[in-house]
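Try each task before you peek at its solution.

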Amino acid sequence: MKKFVMAAIGGTLAGVLVTTQVAGPLLAQESAQKTNVYEQLDLFGDIFERIRAQYVEEVDEKKLIEAAINGMLTSLDPHSSYLAPDDAADMRMQTRGEFGGLGIEVTQEEGFIKVVSPMDGTPAQAAGIESGDFITHVDGESLLGLTLDQAVDMMRGPVGSEIVITVVREGEAEPFDVSIIRDTIKLTAARVRIEGDSVVVRITTFNDQTYANVEEGLKKAIEELGGLDKLSGVVLDLRNNPGGLLTQAIRVSDAFLDSGEIVSTRGRAPEDGERYNATPGDLIQGKPIVVLINGGSASASEIVSGALKDHHRAIVVGTKSFGKGSVQTVMPLRGDGAMRLTTARYYTPSGRSIQNLGVSPDIVVEQPRRPAATTEEEPKSTARRSRSEADLRGTLSNDSLSEDEIKAIEEDRAKAEAAAKLREEDFQLSYALDLLKGLATVAAKE
């Protein structure tokens, strides 16, 4: 019995010894880390005071502090930043769908300002700015070494004023200047139009208006076609869509899904994770969908395309998307400012993050660059007109068809010719519509 008691006491002493040996260094290490942080904060205070007292010119203390805060945030990743009160107000206006500027979404890549996408119907798009362009100078001043917010500030200005940006573009031997007139940017988040018996839903951004625009536009288009039975399918055009509100991306995805996960987010701690699922109801009741994406499709547009792809609800066509798989939370700060902080990564229903990888299309379709315009028109005499049996003198008439049937055939031919013409204007969209027509034909035979 004494041996058991002694063994128990020995075990207790060993446990206390091990606990002391392990916990002691850990506590000491934690204390040292805290001391080191306080020393660094004291160092920051010393530098701040020396700048105030000894810098060659008098400094604006408020701007100095804001720059320090922004530097701390931008060192984390390209999407975290400090928003001064004016910038925070601009951001709130953007989510409502109206703001001033050039109409481009930009990011920072290895110190350079890169265009994610030009927005539809904006001065930047009209001037020919393309996704993937690098902006190196504004009005002759270099942007190299500036933060993203500083570069954006340089591109802002009064509505109606001119700005000259220097662009570096892949495939162009030399940088070139582009003159743009600043304007008030009023975005319609989604535009819906009919192409033949298909509907094209063009979503330019995900703001407070997006889902409402999609729902209302689809309803009107289906009524104009004569009902859902007349609809062959929908092309969801997300090209050059820089993203926006996560909530709107979820609602748009849910509009075409009956069940299943749409997206999940995972933060630093396991309990910070969220999972968003679809609810019953499909606006087009299972009709085929083709999603168009390209290198300018980012963030929220990647959530939609990834969800519809993983659920095999849509065929994704185009080129690889941008690859922004992080979630930013905007946190209000004292003094009407705000902090945009990356708080989570998001994952498609298959559990895959698209960060830096993007969404890969099911069918890769490049958009051909438009050839340079020529000043001389081709002589009309060189245009060839195809000849057929109907052009031959004395040809036999077709007595197997009524006049109405012949008229229907001619109407179908006219639609096909219109679709062929679209290939010259927008090859990717034309491909998507052709694919949609094929899917609808196959579905009708099943």
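The model is predicted, so local features need pLDDT of at least 70 and side-chain atom pairs count only at pLDDT 80 or more, while totals for chains, interfaces and linings use all residues. Residues are numbered from 1 along each chain as its sequence is written, and side-chain values use heavy atoms, with hydrogens and water left out.

**Exercise 1**

Work out how many residues of helix α8 are buried, and what they pack against.

*Solution.* 
- Step 1: Buried means under 20% relative accessible area, exposed over 50%, and partly exposed in between (1.4 Å probe, protein chains only). Helices (H or I, at least four residues) and strands (E, at least two) are DSSP runs, numbered from the N terminus.
- Step 2: Count. In α8 (residues 300-310), nine of the eleven residues are buried, including I303, V304 and L308.
- Step 3: Look for partners, with contact meaning heavy atoms within 4.5 Å. Among them are α7 (246-254) and β18 (338-347).

**Exercise 2**

Describe how F112 and F134 pair up.

*Solution.* 
- Step 1: Recall the rule. Rings of Phe, Tyr and Trp (its six-membered ring) pair if their centres lie within 6.5 Å; planes under 30 degrees apart are stacked, over 60 edge-to-face, the rest tilted. The count comes to one aromatic pair.
- Step 2: Apply it. F112 and F134 sit 6.4 Å centre to centre with 85° between the planes, which is edge-to-face.
- Step 3: F112 is in strand β4 and F134 in strand β5, so the pair ties together parts 22 residues apart in sequence.
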